[in-house]
Amino acid sequence: MKNRIRALRTEKNITQLRLSMELEVAQETISAYEKGKHAPSLKSLIKLADLFDVSIDYLVGRSDVRKMERRDALSEDEALLLSRFRSLNTIDKARMLAYSQGMSEKSPSDHESV
């Protein structure tokens, strides 16, 4: 995590002092975060994630993906399909995946216009 906070702060051209004011902590606290001596509180993690537009998982090193795609980025049809898929049992999920793979392997002329 220490490298992520420093890297994001540097990327945004934010000083430790400015970041400390944003988080309402001492500048020494920011330095301690960046050196890995202290971990930010949940409140500070949320503020950091919002400020740098990244996920908390990215900040703490649980993921290398800066920000997950939001569900509202899906079309209505995609969201409906995902919802239906999630409601299936394991066997039906496997069937649906096999069916969709077969659909995607058809030649373009085999697909009807939607």
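Me: In which helix is the place of M96?

Reply: This is a predicted model, in which local features need pLDDT of at least 70 and side-chain atom pairs count only at pLDDT 80 or more, while totals for chains, interfaces and linings use all residues. Residues are numbered from 1 along each chain as its sequence is written, and side-chain values use heavy atoms, with hydrogens and water left out. Helices (H or I, at least four residues) and strands (E, at least two) are DSSP runs numbered from the N terminus. On that numbering, the place of M96 is in helix α7.

Me: Does M96 count as buried, exposed or partly exposed?

Reply: A residue is buried under 20% relative accessible area, exposed over 50%, and partly exposed in between (1.4 Å probe, protein chains only). The relative accessibility of M96 is 26%, so M96 counts as partly exposed.

Me: Which residues does M96 touch, not counting those up to four places away in sequence?

Reply: Contact means heavy atoms within 4.5 Å. F85 is eleven residues from M96 along the chain, and their C-alpha atoms are separated by 7.7 Å. With residues up to four places away set aside, M96 touches L81, F85 and L88.

Me: How are α6 and α7 placed relative to each other: roughly parallel, roughly antiparallel, roughly perpendicular or oblique?

Reply: The axes are lines fitted to C-alpha atoms, for helices over the stretch in contact, with angles from 0 to 180 degrees between N-to-C directions. α6 and α7 pack at about 140°, their axes being 9 Å apart. Angles under 35 degrees count as roughly parallel, over 145 as roughly antiparallel, 65 to 115 as roughly perpendicular, and the rest as oblique. The two helices, α6 and α7, are therefore oblique.

Me: Which residues of α7 meet α6?

Reply: On the α6 side, the residues are L81, F85 and R86. Their counterparts in α7 are K93, M96 and L97.

Me: Which element gives the largest share of the lining of the largest pocket?

Reply: A pocket is an open set of points on a 1 Å grid over the protein atoms alone, where a 1.4 Å probe fits, with protein on both sides within 12 Å along at least five of seven lines; lining residues have an atom within 4 Å of a point. The lining consists of L81, L82, F85, M96, L97, Y99, S100 and M103. Two or more of these come from each of α6 (76-86) and α7 (90-104). The largest share, five residues, is from α7.

Me: How many residues of that lining are nonpolar?

Reply: Ala, Val, Leu, Ile, Met, Phe, Trp, Tyr, Cys and Pro count as nonpolar, Asp, Glu, Lys and Arg as charged, and the others, Gly among them, as polar. The lining has no charged residue and one polar residue. The nonpolar residues number seven.

Me: Is S44 buried or exposed?

Reply: S44 is found in helix α4 (residues 42-52). Beyond its neighbours within four places in sequence, S44 is in contact with L23, V25 and Y33. Its relative accessible area is 3%, so S44 is buried.

Me: What is the phi of N13?

Reply: N13 lies in the loop between α1 (2-11) and α2 (16-23). N13 is exposed, with a relative accessible area of 69%. Although N13 is not a glycine, its phi is positive, at about 55°.
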